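Dear colleague,

Please find below the structure that I am handing over to you.

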Amino acid sequence: MKYKIKQKIFSLTDSFTIEDENGNAAFSAKGKFFSISSSQTMFDSRGVELLKIKRKYLTIMPACRLLCADGSEWLIRKCFWPFWTSRFTISGPAGELEMHGNLWQHEYKISQNGKVLAEVSKSWFSWSDTYGVDIYEPKLTAQLLAAVIVIDRIQHSAKNSTVDDD
């Protein structure tokens, strides 16, 4: 299934709308305005909370946790080595996932044991950050979409994202 993640430009918080391949609103991610924890909540199209994205503090490399409504927890962590490239790992109940590709140009894949679960590409000519995401593992849709949002937050942490707040 294909999705389009689009960051809202005129928002006081990091907020994203996520549309399916037919242009229908499928998910949304909304940050809190005066939040010390710099968290975001992801909702489905009916407004049901699916997960929370929370920054993990006291780490050498940036990391965020996904706290799912079913009680499961995922950890997205930027890898230290090799330091000249951006790589991320995602740890959770489904096992260890890896993000690899050209993250600076926002063209990357999320895979597990060599099997591609999602492909991500960024649209360069838009007013806000916009990503196309092809998901090949439907049961991990919310977590994979949230992982793309986390990567965006970490990659933009020096500019305008709330991953650095405190």
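In strand S2, glutamate 19 is the residue that stands opposite lysine 4. Please bear in mind throughout that this is a predicted model.

Lysine 4 belongs to S1, where the side chains alternate between two faces.

With S2 it runs antiparallel, and five bridges join the two strands. With S12 the pairing is likewise antiparallel, over five bridges; there, lysine 2 has aspartate 134 as its bridge partner.

These pairings belong to a wider arrangement. A total of 12 strands close into a barrel, in the order S1-S2-S3-S4-S5-S6-S7-S8-S9-S10-S11-S12, with antiparallel pairing. From one strand to the next, the twist averages 20 degrees. Another of the pairs is formed by strand S9 (residues 95–102) and strand S10 (residues 107–112), which are antiparallel and share five bridges. Within it, lysine 109 of S10 stands opposite histidine 100.

Serine 15 is located in the loop between strand S1 (2–7) and strand S2 (16–20). Is serine 15 buried or exposed? It counts as buried, because its relative accessibility is 5%. Setting aside residues up to four places away in sequence, serine 15 touches Lys6, Gln7, Lys8, Ala29, Lys30, Gly31 and Gln40.

Valine 116 lies in strand S11. Its relative accessibility is 29%, so valine 116 counts as partly exposed. Apart from neighbours within four places in sequence, valine 116 is in contact with Lys109, Ile110, Ser111 and Tyr136. Leucine 97 is 19 residues away from valine 116 in sequence, and their C-alpha atoms are 9.6 Å apart in space.

Finally, a word on the cysteines. The structure holds zero disulfides. Cysteine 64 is buried, with a relative accessible area of 0%, and cysteine 79 also counts as buried, at 14% relative accessibility.

Yours sincerely

Methods:
Residues are numbered from 1 along each chain as its sequence is written. This is a predicted model: local features need pLDDT of at least 70, side-chain atom pairs count only at pLDDT 80 or more; totals for chains, interfaces and linings use all residues. Side-chain values use heavy atoms; hydrogens and water are left out. Helices (H or I, at least four residues) and strands (E, at least two) are DSSP runs, numbered from the N terminus. Buried means under 20% relative accessible area, exposed over 50%, partly exposed in between (1.4 Å probe, protein chains only). Contact means heavy atoms within 4.5 Å. Two strands pair if DSSP finds at least two bridges between them. Axes are lines fitted to C-alpha atoms, for helices over the stretch in contact, and angles run from 0 to 180 degrees between N-to-C directions. A disulfide is a pair of cysteine sulfur atoms within 2.5 Å.
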